[in-house]
Amino acid sequence: MKQYKNIKQNLINFLQNEVKNSGLSSVVVGLSGGLDSAVVAVLCKEAFGKNLTCILMPSQFSSKSSVEDSIELCEKFDINYEIISIEPMLSAYLSNMNNNTLRVGNFSARLRMSVLYDKSFEKNSLVVGTSNRSEILLGYSTIFGDTAYAINPIGNIYKSDLFDFAKFLGVTDKIIDKKPSADFYENQSDEDDLGYSYSKIDSLLKAIYDENQNKEELIKNGFENSFIDDISKRVEKNRFKTELAKIAKI
């Protein structure tokens with residue numbers, strides 16, 4: 001419990017200091033109905049009170065529960081929120097994507113970030129990100145979509161560690177208990193896409209990035225060679241998403 005209290009206070013301090021340093025006093029958060037954005041919303045409520053606005057941005061492919069669960073969270077914590085459907089914008093371009101669910105999902109993520117930045121301009125606010133450390137390392141994200149934000153309080157917290165932290169913060173049970181999903185399409189599941197559970201993936205990521213274990217040590221400690229290779233290749237393939245755009249030298 002004490003550990004979570006310290007983490008919570010450190011993250012609130014981070015949020016308040018970064019927003020103050022930006023010269024602003026308010027923030028906007030895209031609230032999806034999932035665990036990550038719920039945790040960030042609760043932290044921002046603690047840090048900024050009424051100077052937080054959550055933006056709910058469903059599409060025609062969003063699950064009904066994503067909006068319902070988001071509203072329930074906002075009502076529990078008395079968070080200001082707006083609902084802006086991206087369906088009209090998405091529909092206008094949908095025929096160009098040949099029913100490719102990944103293209104539709106990525107395009108939806110970029111539409112949401114465009115809306116979020118427009119609302120941040122309207123409200124003279126900073127955009128707060130909601131990507132966890134697992135997603136960042138794996139590149140399980142949309143570049144210039146959910147990777148676009150000014151600050152991020154949970155970028156160093158692994159996905160599997162967020163569940164207990166969310167319980168500590170008082171995040172609603174419906175959000176904590178649901179299967180992790182980007183909500184790109186009906187019944188979409190993060191862990192189905194990745195091929196492994198977050199708990200299994202995070203155990204490997206922690207061994208590599210927190211404990212600096214080499215491959216020999218990883219295998220000795222029980223990780224399968226194929227699993228190590230799968231995750232390592234995914235990390236390397238998507239590393240560009242966390243790097244600044246390369247500019248040619250002249």
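Helices here are DSSP runs of H or I with at least four residues, and strands are runs of E with at least two. On that basis, the chain of this predicted model holds 12 helices and four strands.

A look at the overall dimensions comes next. The radius of gyration of the chain is 18 Å, which agrees with the value near 18 Å that a compact globule of 250 residues would have. Along the principal axes, the C-alpha atoms fill a box of roughly 50 × 50 × 50 Å. Of the 250 residues, 46% are buried, and the accessible surface of the chain amounts to about 13,300 Å², with carbon and sulfur atoms contributing 50% of that area. Contacts were also sorted by their separation in sequence.

Although Asp190 is buried, it has no salt bridge. The nearest side chain of opposite charge belongs to Lys159 and is 4.9 Å away, whereas a salt bridge calls for a side-chain nitrogen of Lys or Arg within 4 Å of a carboxyl oxygen of Asp or Glu. What Asp190 does have is a polar contact, made by its side chain with the side chain of Tyr140 at 3.2 Å.

Definitions and conventions:
Residues are numbered from 1 along each chain as its sequence is written. This is a predicted model: local features need pLDDT of at least 70, side-chain atom pairs count only at pLDDT 80 or more; totals for chains, interfaces and linings use all residues. Side-chain values use heavy atoms; hydrogens and water are left out. Buried means under 20% relative accessible area, exposed over 50%, partly exposed in between (1.4 Å probe, protein chains only). Lys and Arg count as positive and Asp and Glu as negative; His and the chain ends are not counted. A polar contact is a pair of N or O atoms within 3.5 Å; within protein, one must be able to donate a hydrogen and the other to accept it, and residues adjacent in sequence count only if both atoms are side-chain atoms. The radius of gyration is taken over C-alpha atoms; the globule rule is 2.2 Å times the number of residues to the power 0.38. Accessible areas come from the Shrake-Rupley method with a 1.4 Å probe; for residues, only the protein chains shown count as cover.
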